[in-house]
Amino acid sequence: KEEDAAAQAFFGDTAHFEAQVQNEAALLLKPEGEEPPEVHGSFRYFQRHTPEGFVVFCRTPIMRTKSSIDEKVEILLDTSELAAEAGTGFADVTHCKVSDDHRILAFIVDCIGDESYELRFKTLGSSGNSTWTTRLSGVRSMEFLSRGDETTGICILAVHMDPQTYRASRILHHSVNREGIMGASETLWNESNDAAYLEVFRTKDREFILLSSNTKDTSEVRAVSCTSSFGGSSSSSAAARVVPQRLLAPREGVEYFAEHHAGIFYVVSNHERPDFAVYQLPTCALASEDGGWQHLNMFFMPPGGLHVTDADLLSRWMVLYGHDSAEPRICVVPLGSDDAHEGNTHLNALSLEQVVERNRGAFLAELPSSVGSVEPGVNAEPTAEAVRFTFRSPLEPGATYNLDLSSGRVELIRRREWQTGDGLGPDAFQC
């Protein structure tokens, strides 16, 4: 709050001009409409926008018939109602997640605009959505750990902020029902490094939750199983102790992140290649006393100067997002049948010839422009044969594309439209 006050005082003389420029920029674009839906489980999830700009989270069931004209739209969350309830006219939902059975919605909202985040829950279903009385303040992110319901409870992992610095500094294991927290919560990670921020992330195959601590140049990741007694429990009881297992010991100046598929962790690390490469780590190597690094096997060496910033791992493909000399890049890497190792099996190191062959099978997607950036979509389905991404540039405020992973075809799904008139539009500018 002191930083905000200092910033407002420093920029006070230009506040009016800044607001004028922002309003003029906003008028260049038509109001946002309905976002393209993304499939997750047996539903299509999408967002709408009210005329006032509030986000409405929606879904429709995936019909098994040829026609889906009569699909009923279910309103999961209307942020305008949150803003009205708070009396502030403001509601920013930063996280919105459904449980594995798609019956419970968890969302994190700030109704003031000062990062006062609060975790809330709703029960979803055909009988109507029911809001829980349970609210957890100061939560930055969360993931569902187990199945459950509003009565018996459900286990979650939540990242809590420091009340003074607002730094994401603690990860707790809670069991919650519609009335509140059940029993004692368990602290899984208390980060003492003031430069580090904590995060939780569910792997796309839904097998693990990855807990990560990141500074600007150092990372550490720990894993909790969502399906077995290995570092976790499928029980909804908070009494079942959760023990995160470390992937790799932290190294000063080394960053990495990970995903999981078929018994293997895929680690994207810069410990050998400054722009990151992809390695495999068997599940049995977790929490190794030697730090785990010697158990890594090279899986894929990105081409040229591709700097990897994000990744999607599907059942047959790995998709890497990043840039090469400031040009946006998407690299598609096919997974072979020999890449699946269900269970805690050891891996045989790939030969140089195998790594070279995998590089030959990979390809770079043809993007709309060499100037801009790419952002991966939700892409929640692990068996998908295509991914969604958004392309932005100084002349492109946001265009959603579908990338077919087998053919490499890139298809435009939707783009933000410019207002017509006054000769303004992308053709009036050069980039």
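This is a predicted model: local features need pLDDT of at least 70, side-chain atom pairs count only at pLDDT 80 or more; totals for chains, interfaces and linings use all residues.
**The chain as a whole**

The secondary structure consists of four helices and 29 strands. Of the 431 residues in the chain, 46% are buried. Among the contacts with a separation of 6 or more, 45% are between residues 24 or more positions apart. The chain exposes about 21,900 Å², and carbon and sulfur atoms supply 49% of that area.

**The sheet β1-β2-β3-β4**

Four strands form an open sheet in the order β1-β2-β3-β4, with antiparallel pairing. The edges are taken by β1 (38-40) and β4 (74-78); each has a single partner strand, so one side of each is left without a neighbour in the sheet. On average, neighbouring strands of this sheet are turned by 30° against each other, direction ignored.

Inside this order, β2 (residues 43-49) and β3 (residues 55-61) pair in the antiparallel sense over seven bridges. Y45 stands opposite R59 in β3. Helix α3 (residues 79-86) lies across β3 and β4, and runs at about 40° to β4.

**The sheet β26-β27-β28-β29**

Another open sheet has four strands in the order β26-β27-β28-β29, and here the pairing is antiparallel. Which strands stand at its edges? They are β26 (373-376) and β29 (410-415), and because each has a single partner strand, one side of each is left without a neighbour in the sheet. Neighbouring strands are turned by 30° against each other on average, direction ignored. Strand β27 (residues 386-393) pairs with strand β28 (residues 396-404) over seven bridges, and F391 stands opposite A399 in β28.

Is strand β20 (residues 277-282) enclosed or open? Six of its six residues are buried, so β20 is largely enclosed by the rest of the structure. In a regular strand the side chains alternate between the two faces of the sheet. In β20, A277, Y279 and L281 point one way, while V278, Q280 and P282 point the other way. All of these residues are buried.

**Aromatic rings**

A pair of aromatic rings is described by the distance of the centres and the angle of the planes. The count for this chain comes to seven aromatic pairs. One of them is formed by F10 and F11, with 4.9 Å centre to centre and 85° between the planes. This pair is edge-to-face, because its angle is over 60 degrees.

F10 has a relative accessible area of 67%, which is over 50%, so F10 is exposed. F11 is partly exposed, with a relative accessible area of 46%.

In another case, R222 lies over the face of W189, at 3.5 Å from the ring centre.

Key
Residues are numbered from 1 along each chain as its sequence is written. Side-chain values use heavy atoms; hydrogens and water are left out. Two strands pair if DSSP finds at least two bridges between them. Helices (H or I, at least four residues) and strands (E, at least two) are DSSP runs, numbered from the N terminus. Axes are lines fitted to C-alpha atoms, for helices over the stretch in contact, and angles run from 0 to 180 degrees between N-to-C directions. Contact means heavy atoms within 4.5 Å. Buried means under 20% relative accessible area, exposed over 50%, partly exposed in between (1.4 Å probe, protein chains only). Accessible areas come from the Shrake-Rupley method with a 1.4 Å probe; for residues, only the protein chains shown count as cover. Rings of Phe, Tyr and Trp (its six-membered ring) pair if their centres lie within 6.5 Å; planes under 30 degrees apart count as stacked, over 60 as edge-to-face and the rest as tilted. A charge sits over a ring if NZ of Lys or CZ of Arg is within 6 Å of the ring centre and within 35 degrees of the ring normal.
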